[in-house]
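Keep the sequence and the 3D view open as you read.

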Amino acid sequence: MSRTSVARLTDEQLDALGAELDAIRRELIDDLGEQDAAYIRRIVDVQRRFEVLGRALLWAGWFPPAWLAGTAALSISKILDNMEIGHNVMHGQYDWMGDPELNSKMFEWDTACPSEQWRRTHNYVHHTYTNILGKDRDIGYGLLRMLDEQRWRPYYLGNPVYAFLLMVAFEWGVMLHDLEIDRILSGRRTWSETKGIRRQMWHKGVKQVLKDYVLFPALSGPNALPTLTGNAVANLVRNVWAFSIIFCGHFPDGVASFTEHECERESRGHWYYRQMLGSANIRGGALFHVLSGNLGFQIEHHLFPDIPSPRYQQIAPRIREICDRYGLNYTTGPLSKQIGNVWKKIFRLALPPQHGSRSRGTPALRDAKKVA
């Protein structure tokens, strides 16, 4: 476990924790119904309206107010498509509805990463092995040093630069994530092994480029350039927003990481325990939570990733009470604080560890108190 000091639970306590959270999950599933279906359909309708509005206004993009309004509307549309709709639909949150447009296996979103690859790297790898160093490839995305336990190398002096580039081109960074370029460079994976993955990336990436930078600008006729720049800025806004929300949910101060050894033969209760300690919430208002895909409740999402996201706010007080009762950190804070912590960590971990500091290992686990 990372140097964040946390309570270590006994096997009996972990079993009790697992049973308690399983009961909450069953309660949520039993209560799913029309209100959840109506919510996601309403969000899809709003997203589509913003896209139509944005693209219509960009056709008059020669007029600066129209360009600004169109770019803003298109940015909101892309954020909703990726965060509250795409991410959550692909987790299977609405499969129970039987609606093909909201089926996790059939949904394709407005971003460069093929949905099939996202479901594998995010839904399976990340959510199964959350913050396990060496297993969860979302720790630094194969580019960044985000934990003290990652061995420092001179390459990491560029940590802030790599993070900035990943942020502004986030959809492309996520698309390339499944290639595992770091493993290819180290010889642990061959280029030929990625042939099928690269084919999917090429097909999806070309479609995105043609749609945003060829088709819609061409349809705008003499206003092609304002439409092209509006699309580019909307993609940039979406990329920066998605990067910020995701990194604030996983890497601010107070979030713990784990070793593979600690998670061997992991029980259901320990998996819940790891999700609670390996995630962080972000405080905000109702609009913020919709635009963030309700990932301001990242802890609740990691506990129940296939439960409709509006339910997270409903159960958040109960999850916090459980954390308090078991002596577990419930890491939360406003966006400004969380994003400041993340970027401070990015800069700090670019530098080699100071003499006597830990670069690997898990002394925090050994020092953590036992909860009676």
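## The nonpolar cores

In this predicted model, the largest nonpolar core has 45 residues. Phe170 and Phe247 are the residues with the most contacts inside that core. Two or more residues come from each of these elements: helix 2, helix 3, helix 5 (159-168), helix 6, helix 8, helix 9, helix 11 (286-291) and helix 14 (335-348). There is also a second, separate core of 31 residues, which includes Leu14, Leu28, Cys263 and Ile307.

What does Phe170 touch, leaving aside its neighbours within four places in sequence? Its contacts are Tyr141, Asn239, Ala242, Phe243, Ile246 and Phe247.

## Two residues with positive phi

Tyr141, one of the contacts of Phe170, sits in the loop between helix 4 and helix 5. Its phi is positive, about 55°, although Tyr141 is not a glycine. Is Tyr141 buried or exposed? Tyr141 is buried because its relative accessible area is 10%, and buried means under 20%.

Glu180 is another residue to look at. You will find Glu180 in the loop between helix 6 and helix 7 (181-185). Its phi is also positive, near 55°, and Glu180 is a residue other than glycine. With a relative accessible area of 10%, Glu180 is buried.

## Helix 8 and its bend

Helix 8 covers residues 195-219, which makes 25 residues. From its first C-alpha to its last, helix 8 reaches 34 Å, close to the 36 Å expected at 1.5 Å a residue. Where does helix 8 bend? The bend is at Lys211, and its angle is about 40°. Just after the helix comes Gly221, where phi is positive at about 60°.

The buried residues of helix 8 are Ile197, Met201, Lys204, Gly205, Gln208, Lys211, Asp212, Phe216 and Pro217. Lys211, the site of the bend, is therefore on a list of residues that each have under 20% relative accessible area. The buried residues of helix 8 pack against helix 2 (34-58), helix 3 (64-90), helix 4 (115-128), helix 6 (170-177) and helix 9 (224-248).

## Helix 10 and Arg274

Why is helix 10 described as largely enclosed by the rest of the structure? Nine of its 10 residues are buried, so the rest of the structure largely encloses it. The buried ones are Gly269, His270, Trp271, Tyr272, Tyr273, Arg274, Gln275, Met276 and Leu277. Among the elements that cover them are helix 1, helix 4, helix 12 (298-303) and helix 13 (311-326).

Arg274 is worth a visit of its own. Arg274 belongs to helix 10, which spans residues 268-277, and is buried with a relative accessible area of 0%. Its side chain reaches the backbone oxygen of Thr128 at 2.9 Å. Not counting residues up to four places away in sequence, Arg274 touches Thr128, Tyr129, Thr130, Ile132, Phe258, Cys263 and Glu266. One of these contacts, Cys263, is included in the second core.

Ser115 lies in helix 4. At 4% relative accessibility, Ser115 counts as buried. Leaving aside neighbours within four places in sequence, Ser115 is in contact with Met90, Phe107, Glu108 and Trp109.

Val6 is in the segment before helix 1 (11-31), and it counts as buried at 5% relative accessibility. Val6 and Arg320 are 314 residues apart in sequence, and their C-alpha atoms are 15 Å apart in space. Now turn to Ala56, in helix 2. Ala56 and Tyr330 are 274 residues apart along the chain, and 44 Å separates their C-alpha atoms.

## How confident is the prediction?

The mean pLDDT of the chain is 92, and 94% of its residues reach 70 or more.

Methods. Residues are numbered from 1 along each chain as its sequence is written. This is a predicted model: local features need pLDDT of at least 70, side-chain atom pairs count only at pLDDT 80 or more; totals for chains, interfaces and linings use all residues. Side-chain values use heavy atoms; hydrogens and water are left out. Helices (H or I, at least four residues) and strands (E, at least two) are DSSP runs, numbered from the N terminus. The expected span of a helix is 1.5 Å times one less than its number of residues. The bend at a residue is the angle between axes fitted to the seven residues ending there and the seven starting there. Buried means under 20% relative accessible area, exposed over 50%, partly exposed in between (1.4 Å probe, protein chains only). Contact means heavy atoms within 4.5 Å. A polar contact is a pair of N or O atoms within 3.5 Å; within protein, one must be able to donate a hydrogen and the other to accept it, and residues adjacent in sequence count only if both atoms are side-chain atoms. pLDDT is the predictor's confidence in each residue, from 0 to 100. A nonpolar core is a set of buried Ala, Val, Leu, Ile, Met, Phe, Trp, Tyr and Cys residues joined through side-chain atoms within 4.5 Å.
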